[in-house]
Amino acid sequence: MDIEHVPALLQETLHYLAPQRGGLFVDCTLGLGGHAEALLEASPEVEVVGIDRDAEALRVARRRLERFGKRMRTIEGRFSQLAELLAGAGITQVDGILADFGVSSLQLDQAERGFSFRLNGPLDMRMGGSDMTAADVIATYSEDELAALFRRFGEERDARRVARAIVKRRQEASIETTEELRRIIRAAKGGGRRREGRVDPATRIFQALRIEVNQELAEIGELLEQAVKLLRPGGRLVVLSYHSLEDRIVKNRLRDLDRGEVDPITGRPREETRLIEVLTRRPVRPRPDEVAANPRARSARLRAARRL
Ligand SMILES: C[S@@+](CC[C@H](N)C(=O)[O-])C[C@H]1O[C@@H](n2cnc3c(N)ncnc32)[C@H](O)[C@@H]1O
């Protein structure tokens with residue numbers, strides 16, 4: 001398989017992770033191994049543990065990173081279990097942690113994984129390690145549950161209308177494919193009469209389903225808690241988000257950890273309980289030349305922190 005995947009915000013990621021120091025780095029979302037490869041190339045003193053919930057991504061990444069021998073290890077699992085997965089490999093402290101959320105191009109480009117509304121495939125959307133598929137959600141959630149899901153995880157304005165159309169359609173026949181769902185969404189949203197710029201009307205509904213199937217936002221909350229505790233003093237955390245729901249969780253959680261615990265008596269944060277210093281006051285966005293070369297990087301936002 002052709003691994004022609006360009007990692008997002010690569011130079012910026014390397015800047016904040018500073019792998020030239022050497023040390024042990026964890027890539028919580030190994031994907032096709034692009035970021036991990038750059039970390040390993042930065043210094044012969046770098047070791048990387050790569051985690052991914054997608055067994056197929058791990059296979060591809062392992063092949064790509066074979067030449068680094070023992071400096072590269074992989075673990076299959078969800079990053080919400082980060083501390084446990086690392087403990088299983090005998091690791092309790094690390095020098096840097098990277099998380100690059102979202103789907104990989106490997107997942108997106110394979111019709112049978114069901115992530116893309118541009119390709120016709122089964123409504124699956126499992127990245128790995130979930131029991132429920134998108135087809136299960138579409139078939140079993142009530143109209144109210146679907147509407148709430150589309151609103152909450154898709155920030156979809158027409159959530160109710162789409163939910164109603166799905167429930168109506170599934171009474172006649174089960175909804176099995178990305179193409180069928182896309183058609184239902186388009187019709188419910190007025191056949192594209194209302195323009196939303198260049199964004200496909202199915203975008204937000206597909207995003208909501210993917211988040212639900214993979215419990216993506218809960219995963220991120222768990223990850224951040226554990227990641228900062230695993231870092232050695234001076235260790236770095238870099239997180240790449242791709243939409244505002246992800247970025248909001250990262251921003252708020254990092255801000256709280258930077259502020260420290262609030263003293264119940266004075267109501268002020270206690271300096272000595274600060275765990276990190278946030279290094280990015282604003283999220284770092286890709287430069288226009290990166291977006292031109294790699295349109296998938298368009299929505300990437302990077303936040304970084306240093307363990308105190
Ligand atoms: C955008 S890709 C990463 C690309 C990678 N940085 C590269 O340079 O090739 C995101 C990867 O994270 C994985 N992933 C998403 N959520 C995860 C989770 N909760 N636990 C583990 N892996 C996850 C996906 O399976 C996917 O392979």
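**Exercise 1. The ligand shell**

Task: In this predicted model, how many residues surround the ligand, and which are the closest?

Solution. 
- Step 1. Count the shell: 24 residues surround the ligand.
- Step 2. Pick out the closest: they are His35, Asp52, Asp100, Gln107 and Glu219.
- Step 3. Sort the shell by residue class. It divides into eight nonpolar, ten polar and six charged residues.

**Exercise 2. Polar atoms at the ligand**

Solution. 
- Step 1. Start with the ligand oxygen. A polar atom in the side chain of Asp52 lies 2.7 Å from an oxygen atom of the ligand.
- Step 2. Turn to nitrogen. A polar backbone atom of Phe79 is 2.9 Å from a nitrogen atom of the ligand.
- Step 3. An N or O atom of the Asp100 side chain is 2.7 Å from a nitrogen atom of the ligand.
- Step 4. Take the area. Alone, the ligand exposes 610 Å². The protein buries 98% of that.

**Exercise 3. Helix α12**

Task: What span does α12 reach, and what is expected at 1.5 Å a residue? Which of its residues are buried, and what covers them?

Solution. 
- Step 1. Locate the helix. α12 runs over residues 244–259 and has 16 residues.
- Step 2. Check the span. From first C-alpha to last, α12 reaches 22 Å, close to the 22 Å expected.
- Step 3. List the buried residues of α12: Leu245, Glu246, Asp247, Val250, Leu254, Leu257 and Asp258.
- Step 4. Find the cover. For the buried residues of α12, it includes the helices α7 (143–154), α10 (203–214) and α11 (216–230). It also includes β5 (231–241), β6 (276–278) and β7 (301–307).
- Step 5. Look past the end. Gly260 follows α12 and has a positive phi, near 90°.

**Exercise 4. Helix α11**

Task: α11 is part of the cover over α12. What are its span and its buried residues?

Solution. 
- Step 1. Take the length: α11 has 15 residues.
- Step 2. Compare the span. α11 reaches 21 Å between its first and last C-alpha, close to the 21 Å expected at 1.5 Å a residue.
- Step 3. Read off burial. In α11, the buried residues are Glu216, Leu217, Glu219, Ile220, Leu223, Leu224, Gln226, Ala227, Val228 and Leu230.
- Step 4. Link back to the ligand. Glu219 is buried in α11, and Glu219 is also among the closest residues to the ligand.

**Exercise 5. Helix α9**

Task: Which residues of α9 are buried, and what do they pack against?

Solution. 
- Step 1. Locate α9 at residues 178–188.
- Step 2. List its buried residues: Thr178, Glu180, Leu181, Arg182, Ile184, Ile185 and Ala188.
- Step 3. Name the partners. These residues pack against α6 (134–140), α8 (159–172) and α10.
- Step 4. Look just after α9. Gly190 takes a positive phi of about 90°.

**Exercise 6. Gly154 and Glu155**

Task: Is Gly154 buried or exposed, and what does it contact away from its sequence neighbours? What is the phi of Glu155?

Solution. 
- Step 1. Apply the cut-off. Gly154 has a relative accessible area of 0%, so it is buried, since buried means under 20%.
- Step 2. Set aside neighbours within four places in sequence. Gly154 is then in contact with Leu149, Arg204, Gln207 and Ala208.
- Step 3. Take one pair. Gly154 and Gln207 are 53 residues apart in sequence, but their C-alpha atoms are 5.9 Å apart.
- Step 4. Move to Glu155, in the loop between α7 and α8. Its phi is positive, near 45°, though Glu155 is not a glycine.
- Step 5. At a relative accessible area of 33%, Glu155 is partly exposed.

**Exercise 7. Ala18**

Task: Where is Ala18, and is it buried or exposed?

Solution. 
- Step 1. Find Ala18 in the loop between α1 (10–17) and β1 (23–27).
- Step 2. Read phi. Ala18 is not a glycine, yet its phi is positive, about 50°.
- Step 3. Ala18 has a relative accessible area of 7%, so it is buried.

**Exercise 8. Leu119**

Task: Which residues does Leu119 contact beyond four places in sequence?

Solution. 
- Step 1. List its contacts: Leu108, Asp109, Gln110, Ala111 and Thr178.
- Step 2. Thr178 is one of the buried residues of α9.
- Step 3. Leu119 is partly exposed, with a relative accessible area of 31%.

Conventions:
Residues numbered from 1 in each chain as written. Predicted model: local features only at pLDDT ≥ 70, side-chain atom pairs only at ≥ 80, totals over all residues. Heavy atoms only, no water. Helix = DSSP H or I, 4+ residues; strand = E, 2+ residues; numbered from the N terminus. Expected span 1.5 Å × (residues − 1). Buried < 20%, exposed > 50% of the residue type's maximum accessible area, 1.4 Å probe, protein only. Contact = heavy atoms within 4.5 Å. Near = heavy atom within 4 Å. Polar contact = N/O pair within 3.5 Å; in protein donor to acceptor, adjacent residues only side chain to side chain. Areas by Shrake-Rupley, 256 points an atom, 1.4 Å probe, with all protein chains shown as cover. Nonpolar A, V, L, I, M, F, W, Y, C, P; charged D, E, K, R; others polar.
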